[in-house]
2 protein chains.
Amino acid sequence: MSERLIYLPLGGAGEIGMNAYVYGHGQPGRERLILVDLGVTFGDMDSAPGIDLIMPDLRWLEDNRDRLEAIFITHGHEDHVGALGLLWNRLRVPVYARRFTGALARMKMEEAGVPTDQLRIVAPRPEVVEAGPFRVQFVPVSHSIPESAALLIDTPAGRIVHTGDFKLDGTPVVGEAFDAVAWHDIAQEASIKVLACDSTNVFSPHPGRSEALLANPLLDFVLAQKQMIVATTFASNVARLKTLADAGVAAGRRVCLLGRAMRKMVTAAVETGILRDFPAVIGPEEAANLPRDKVMLIVTGSQGERRAASMQLSMGKYLGIELKEGDSFLFSSRTIPGNERPVGRIMNNLSRLGVDVFDPDDGMYHVSGHANRPDLEALHDLLKPRVLIPMHGEHMHLREHAMIGRAKGMAAGIVTNGMMMDLTGDVPRQVDEVPTGRVYLDGTVLIGAMDGVVRDRIRMALNGHATVSVIIDENDEPLPDAWVETMGLAAQGRAGVPLARHVESELADYLERVDSQTVLDDRKLDEGLRRIVRQATMEEIGKRPEVRIIISRLAAD
Amino acid sequence: MSERLIYLPLGGAGEIGMNAYVYGHGQPGRERLILVDLGVTFGDMDSAPGIDLIMPDLRWLEDNRDRLEAIFITHGHEDHVGALGLLWNRLRVPVYARRFTGALARMKMEEAGVPTDQLRIVAPRPEVVEAGPFRVQFVPVSHSIPESAALLIDTPAGRIVHTGDFKLDGTPVVGEAFDAVAWHDIAQEASIKVLACDSTNVFSPHPGRSEALLANPLLDFVLAQKQMIVATTFASNVARLKTLADAGVAAGRRVCLLGRAMRKMVTAAVETGILRDFPAVIGPEEAANLPRDKVMLIVTGSQGERRAASMQLSMGKYLGIELKEGDSFLFSSRTIPGNERPVGRIMNNLSRLGVDVFDPDDGMYHVSGHANRPDLEALHDLLKPRVLIPMHGEHMHLREHAMIGRAKGMAAGIVTNGMMMDLTGDVPRQVDEVPTGRVYLDGTVLIGAMDGVVRDRIRMALNGHATVSVIIDENDEPLPDAWVETMGLAAQGRAGVPLARHVESELADYLERVDSQTVLDDRKLDEGLRRIVRQATMEEIGKRPEVRIIISRLAAD
């Protein structure tokens, strides 16, 4: 049988977050595989209450682990590397990354307690990693974290460019610029068969702006403020941290970094040589004791995370620092859709303190790390791929990107998680659908999204919970006093007595009249009791709670 | 003692939603009172899971019911009238509203089963309602629902303008235009002492746009579409419904309204004479059978509400209608912050169906119903009040609005729910803080936000739930088999056995060694058992669940 080239996204295609893309080459069903990126996404109360992290279900890849050659990490963002530590044990193959990305990958693996001896640091192109039939090069691209790389993947079926996340930034402040000439050369060297391309910003109509454009507005901003300045941004945006810190120092302020993630990121960037000339920082104690107009805090929590520095500072004293009337708080960030409420909470908290809030949603103090629509088109034109595979985006982003590609004459497919595509020919063709989904980190265990755990939590949150304990005596007679405990239910309903007492009395009536056949049958008795509880609660308070019944049968001596 | 004029917001001041403002005049502590508006707000999974509606806690007003003269409703939006039915019984005073608003108020009262004989329909100024020391006139203003009114409240201490929600729209399509000349006359007639003013759009820097400006873009849009068109907007925006329907008819399409709220609103608007010349509509069966390019659906659910028509249509067949590739879906609305995720879900569902989505966030097909910053300033200039009370806004909106007012020489206070202000003098002065808060409709009962019900639901959603049943025999000895039922917890942890069985065995160990003093003491035993459950679960799966313990003591015969 002839060999083929396959593409199979397991995460990130049909969603923004938890990227995980498989490429394979070989005889059908026996392709040798590589995995690009292994990221997480974050849950919310609506869909995943209590869940710490969400990551792709790698079941198919685990089942085919013997065919997997290696994992490649394009850059150090959580949605590209965040699941590496938690899931590496299920794959146990070498991991390739550039130096800074590798440092972050190593932290993930160490935190998860997995060995790091298979982590390999790679230099950018022209260094080549051979992985089965694939020859892979890391090509620097600009993004909102240093050392992002696109992958140039040469296969027996042709050359693939997998962009990872990128933007076209010629002056990214920290890290490498997007080098159009180098990319032109790459396309000249061998024609690009497939471009698998970031789609997150496909709906943004204007060309992206450079990180360097922020230096002057930020300096002007800092110079204009009269008291303490707090600026928040994404911890991993090392270039922004530097621009902010430089502005602070240029305005005669000392800079203090608050937030573990931010200090970790700066340390990693300094240690790997990415970040030079970062101004000396001070600790929170020193910041608290300096005149307010001599301090600039750069802090985590731009998305309203509950425990991060931004929220904590907005609620009062934090690490000895207290914001006051006349202070200034800058969001040098964009609110990710879904985080509007917690971010609004910070803004209102600050308003109560009399702190002036400067908001980025006008774009003065933030630029995106992703290629906008005209930038995507520029890349299409530069690389001239035969096939365009839009990746990293919700369905609407992939569809829009595919329509753009088709309008320009490329074969473009909307490929979502689980769709195995044959890329050998001129047009991508679906050849299989593999099981995919999500795995949750819940406390210290990994559970499947479909295990019912989260579904039950959502039900309890919406409906409340009632527990019933019933005892059946040695003679198989129910004791008359059923016991009811409720949680998350109104204490009292129409009857004007405590809800639990009312339900108990309904249950006592039921237990008095129930036939002995039902009493002997755990399942029937459970059903009967459950029905009574739900009916009584519905009548009393208009809710049907989740019910757990415990039937204890006393053993005859 | 001399008389005074007081202002006391019980809802809407420090939040957007659930408006309820009290004015009073008389001797301190004996002021005669009126209430302006009685609205609801909506909960979400983060803060109020399972809660149907949120409304202001009127405790203070209920305690002072004998001093309350009347309730005035400015307009028919849920956040101004939505709680009238549910809370009227606690106040039992006459309710004044204009005709269309009154029709909606009547529905609320009928749904709640309270008598409507104290609902009084009022004509706009010059008609005057006398309510104790207050003389109140309804002055038409433009907003995104017909017949909105500001209240002109004459008191012995001077004239108050309470704007309700408004915008400066000279051509609102349905309902009255904002009449600057009439407002000028009002300010000439007697100087305005206090302006209590809508603040929701204070951060919008550009002058608001008229509803009438949408007619041409919407007609162009409809003419450009080739297959079925679905447009969604707020059900109460009767002017928009008319503009959309007119565009559909002008383009040779039949119009079908989907969604109970929308049909109800149009019916009320037609019956009260507000809405004339609304095109004849067809039912969903007929719409399903017409050629796709001859149909325009106008539907509810612009905010991603789960059961509304937009979400249902995006998920497949709904009322016999199925969207297809090439159809067009228009959001003639704005996504209210916090609803981005469900709205995104609709957009991605539609993308999967191949339906093209047209998004309002560029503002082509939607205008706001609220006054933007320049419009607010225009109203300040027109009315020249001595005191500005920013209302209806989160803290940051009130603060910004107050700063604008102060910069123009007005006395302006940031007054949030529960602050009782004396408005008698030239500067508002806080004289009391009254208990306030939120009441939840949960199923069929009203519960206090601080009752712990919702807190418990959130805890169960985050932590899961475990129930333990333990039996103490006639000799005060615990039976060794404790029974554990879990919900919302991983089925299995580190020990590799089912979690509930593992916890049961830990509990059995505990029950074997527990001293007889503890066994005799329900509370001590409960504590001991709870500790074991939480410890064991933490070790096994890294979570500390909510625990309910049921101890059953068998009576000695």
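Predicted model: local features only at pLDDT ≥ 70, side-chain atom pairs only at ≥ 80, totals over all residues.
**Figure 1. The interface of chain A and chain B.** Chain A contributes 61 residues to the contact, and chain B contributes 61 residues. About 5600 Å² is buried between the two chains, and carbon and sulfur atoms give 58% of this area. Met45(A), Arg341(A) and Met487(A) supply 13% of the area that chain A buries against chain B, more than any other three residues.

Figure 2. Eight salt bridges are found between chain A and chain B. One salt bridge joins the side chains of Glu485(A) and Arg548(B), at 3.6 Å from N to O. Elements that give two or more residues to the side of chain A that touches chain B include α11 (340–353), α13 (395–407), β27 (483–487) and β28 (546–553) of chain A. The most is given by α14(A), with seven residues. By residue class, this side of chain A comprises 25 nonpolar, 19 polar and 17 charged residues.

Figure 3. Strand β14 (residues 229–232) of chain B runs parallel to β17(B) and is joined to it by four bridges. Thr232(B) is placed opposite Phe331(B). Three bridges join β17(B) to strand β18 (residues 356–358) of chain B, also in parallel. Here Leu330(B) stands opposite Phe358(B).

**Figure 4. Salt bridges within chain B.** Arg373(B) and Glu400(B) meet through their side chains in a salt bridge of 3.2 Å, N to O. Arg373(B) lies in helix α12 (residues 373–383) and Glu400(B) in helix α13 (residues 395–407) of chain B, so the pair ties together parts that are 27 residues apart in sequence. Arg501(B) and Glu504(B) form a salt bridge of 2.8 Å, N to O. These two residues are three apart in helix α15 (residues 499–513) of chain B and are therefore separated by about one helical turn. Arg501(B) is partly exposed at 43% relative accessibility, whereas Glu504(B) is buried at 14%.

**Figure 5. Salt bridges within chain A.** Glu130(A) pairs with Arg135(A) in a salt bridge, with the closest N and O atoms 2.7 Å apart. Glu130(A) is exposed, with a relative accessible area of 52%, and Arg135(A) is partly exposed at 39%. Elsewhere, a network of salt bridges links Arg373(A), Glu377(A), Asp381(A), Glu400(A) and Lys408(A).

Notes: Residues numbered from 1 in each chain as written. Chains lettered and ligands numbered in written order. Heavy atoms only, no water. Contact = heavy atoms within 4.5 Å. Buried area = accessible area lost by both parts, 1.4 Å probe. Salt bridge = Lys/Arg side-chain N within 4 Å of Asp/Glu carboxyl O. Nonpolar A, V, L, I, M, F, W, Y, C, P; charged D, E, K, R; others polar. Pairing = 2+ DSSP bridges. Buried < 20%, exposed > 50% of the residue type's maximum accessible area, 1.4 Å probe, protein only.
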